[in-house]
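Here is a short tour to follow with the model open beside you.

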Amino acid sequence: MNISRRQILVLLPAAAIAWKSVLAGTPEDSPNYKMSEHWWGMLIDIPKCIGCGNCVRACQTENDVPNGLFRTWVERYHVTDEDMISPQVISPDGGKEGFPVVAEDAGKYFFVPKLCNHCADSPCTQVCPVGATFVSPDGVVLVDQSYCLGCAYCVQACPYGCRYIHPEKKVADKCTLCYHRITKGLTTACCESCPTGARQLVDLKNPADPIHEFLKTHSVQVLKPQMATGAKAYYNGLDGSVR
Amino acid sequence: MNGVEGFMYPNEVGLQWSVLIVLYPFITGLVAGAFILASLERVFRVEAVKPTYRLALLTALAFLLVAPLPLQLHLGHPERSPEMYFTPHSTSAMAMFGYVYLWYLMAVLVLEIWLDYRRDIVLMYQKAHGPLRLIYGLMTLGSTNISERSLAIDDRVGWIVTLIGIPSAFMLHGYVGFIFGSIKANPWWSSPLMPVVFIFSAMVSGIAAVLLLYMALTKLRHHTIDMRCVDSIAMYLFYIFIVDFSLEMLDLIHRIYEADESFRSLNFMVHTQLYFSHIVVQIFLGTLTPLVLLFLTQVINFPEVVRKRMYGIAGTLALIGIFAMRWNVVIGGQLFSKSFLGYTTYKMALVTREGLLMAIALTLLPFIFLSILLKLLPPWGEQPTHTHKAAAAD
């Protein structure tokens with residue numbers, strides 16, 4: 001096979017980009033990661049979400065999430081003008097394969113991605129009888145699955161329905177904010193796969209993080225603020241009907 | 001999705017706590033209630049209920065021995081449960097279970113039974129032969145002195161243990177109520193009244209259980225039922241039941257009047273999925289009917305045979321009602337979505353670890369324990385007279 005110099009000049013940059021992607025998939029260890037220098041959360045920009053389900057699929061692949069259970073999922077709300085209390089909500093298979101075409105035109109439709117809110121005052125960690133679930137110093141709610149009893153008290157205590165008992169491991173399981181990735185300088189699988197940037201990993205302790213500017217200039221809300229959980233999943237454009 | 005009406009968060013569709021977690025508060029309630037009945041005689045000197053004193057203690061022990069089993073069977077990793085003793089999480093209500101349970105079992109119930117039966121155990125040890133002699137020998141714990149002075153000390157210490165036992169019984173069951181009442185994420189559970197309701201319903205169920213057991217066992221032994229005793233128990237059952245019902249109604253009325261964001265969802269659930277178990281079984285069949293029956297026995301002087309039947313029916317219905325209450329709390333609290341937008345259904349399995357057959361086995365097991373205890377430590381016959389001399393001396 002003869003490759004001309006012209007072809008090499010075209011292929012080399014492509015190969016460089018491909019190699020960079022390979023490197024991105026197998027990052028080096030981050031021995032210099034300091035938990036005390038981070039305070040992780042997530043920004044969810046509702047107007048940007050198109051309900052494609054990429055994030056759900058990416059999460060399930062990345063974290064080997066059992067079928068029928070979800071570390072993250074997407075809900076589609078349909079709110080008619082006068083009825084804020086009873087929105088029509090669907091999330092077929094967690095929104096993994098997207099959503100059916102809208103049949104009715106009345107009212108408004110929007111998508112709400114959900115995940116563990118990584119609450120600073122998390123009710124789930126409060127109730128764990130052995131402390132198997134905890135808030136890490138960098139603000140991520142994690143489960144030590146080698147220690148969890150599988151009593152499901154934490155599942156009951158989560159106001160957002162973000163936890164489940166892993167059917168095979170018989171322990172509590174939930175979103176780890178892709179801890180194995182973010183401690184190596186990567187973003188989460190859901191954020192990386194989002195085509196519109198509706199989900200963004202944020203580090204509240206990093207002064208250079210654009211989240212600070214965003215929070216200053218946008219009306220941002222957390223889910224169920226009355227629960228006073230210190231939720232760190234910040235929603236931009238959150239409608240009052242969202243539960 | 002199958003069994004779902006409206007919208008549930010996707011992880012909420014399957015219930016986390018099964019019928020076994022319904023059994024757990026039911027069983028601990030019987031323990032606490034039976035103990036409170038026993039304490040009526042011991043501490044509050046209600047002499048009329050004396051024939052049930054020892055039976056109540058043994059009933060409490062038989063049920064307490066079974067109490068941790070539904071929890072163990074429910075855990076994903078039961079082998080890790082000792083961690084609750086070794087590394088309890090200080091902010092967790094559930095972490096207290098091991099300590100409350102052990103305290104109640106060893107420091108209160110077993111100790112009180114041992115002190116009360118010590119004289120009998122020593123006498124049976126002296127009379128027995130073969131393996132029974134060995135068993136009774138072990139049960140004496142080497143303490144075979146049954147002199148007057150020694151028995152007086154037993155009596156005094158027993159009185160103190162009972163005195164400590166009353167708040168302990170309240171703690172044992174109030175704590176179970178707190179486990180549910182402290183979950184702010186769940187409006188069906190979250191209520192400061194929950195521990196109090198649990199304590200009073202525990203007393204109702206425990207007293208009803210001992211009443212029924214006393215009547216059934218006396219009949220089986222072809223003895224005469226002490227009507228003064230069952231009349232007194234029925235009277236206490238009636239008054240405690242009124243307090244229990246009032247508290248539950250207070251909770252209900254408060255919810256209806258406040259009608260917060262969860263009300264529409266919970267109201268719908270009570271009128272549909274929980275209608276039979278809550279309205280029909282718990283309130284009408286299990287509470288109002290026995291209350292009316294007990295009320296009638298208080299105001300009308302029925303013949304003995306009628307009273308006995310009324311007590312039997314009222315006691316049985318009360319037990320059914322309290323079981324329904326536990327069911328409605330535990331299962332009802334998981335049937336609605338925390339989004340308040342939908343409902344799921346509970347499908348009880350049959351032969352699984354948390355299925356119906358296991359629940360039936362766990363319900364029968366305390367009766368097997370009780371029959372062994374009744375054989376080993378017969379509560380009838382000659383009973384030591386608690387003269388309360390030691391207590392009264394001060």
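A crossing of two helices is called left-handed if the near helix is turned anticlockwise from the far one by less than a right angle, and right-handed if clockwise. With that in hand, please keep in mind that this is a predicted model.

**Two helices of chain B**

In chain B, helix α1 passes α2 in a left-handed crossing. Helix α1 (residues 19-42) and helix α2 (residues 53-66) of chain B pack with their axes 8 Å apart, at an angle of about 160°. Angles over 145 degrees count as roughly antiparallel, so α1(B) is roughly antiparallel to α2(B).

Which residues of α1(B) meet α2(B)? On the α1(B) side they include Ile27(B), Leu30(B), Val31(B), Ala34(B) and Phe35(B). Their partners in α2(B) include Tyr53(B), Ala56(B), Leu57(B), Ala60(B) and Phe63(B). Glu41(B) and Arg42(B) of α1(B) also take part in this contact.

In soluble globular proteins, nonpolar side chains tend to be buried together. The largest nonpolar core in this model has 175 residues, and Val31(B) and Leu211(B) touch the most other members. Helix α1(B) gives the most to this core, with 17 residues. Val31(B) is also one of the residues of α1(B) that meet α2(B). Leaving aside its neighbours within four places in sequence, Leu211(B) is in contact with Val230(B), Ile233(B), Ala234(B), Leu237(B), Tyr311(B) and Gly315(B).

Chain A has seven helices and eleven strands. Its C-alpha atoms fill a box of roughly 65 × 50 × 40 Å, taken along the principal axes. Of the 243 residues in chain A, 42% are buried. Among its contacts between residues at least 6 apart in sequence, 65% join residues at least 24 apart.

Between the chains, 30 residues of chain B are in contact with 35 residues of chain A. The table sets out the residue types of two contact regions.

| Contact of α1(B) with α2(B) | 14 residues | one residue | two residues |

Now look at Ala157(A), in helix α4 (residues 153-157) of chain A. Is Ala157(A) buried or exposed? Ala157(A) has 23 other C-beta atoms within 10 Å, so it is buried. Not counting residues up to four places away in sequence, Ala157(A) touches Pro123(A), Cys124(A), Gln126(A) and Val127(A), as well as Ile183(B) and Ala185(B). Ala157(A) and Ser122(A) are 35 residues apart in sequence and 9.0 Å apart in space, C-alpha to C-alpha.

Key. Residues are numbered from 1 along each chain as its sequence is written. Chains are lettered from A and ligands numbered from 1 in the order in which they are written. This is a predicted model: local features need pLDDT of at least 70, side-chain atom pairs count only at pLDDT 80 or more; totals for chains, interfaces and linings use all residues. Two residues are in contact if their C-beta atoms, placed from the backbone, lie within 7 Å. Helices (H or I, at least four residues) and strands (E, at least two) are DSSP runs, numbered from the N terminus. A residue is buried if 20 or more other C-beta atoms lie within 10 Å of its own, exposed if 12 or fewer, and partly exposed in between; C-beta atoms are placed from the backbone. Axes are lines fitted to C-alpha atoms, for helices over the stretch in contact, and angles run from 0 to 180 degrees between N-to-C directions. Angles under 35 degrees count as roughly parallel, over 145 as roughly antiparallel, 65 to 115 as roughly perpendicular and the rest as oblique. Ala, Val, Leu, Ile, Met, Phe, Trp, Tyr, Cys and Pro count as nonpolar, Asp, Glu, Lys and Arg as charged, and the others, Gly among them, as polar. A nonpolar core is a set of buried Ala, Val, Leu, Ile, Met, Phe, Trp, Tyr and Cys residues joined through C-beta atoms within 7 Å.
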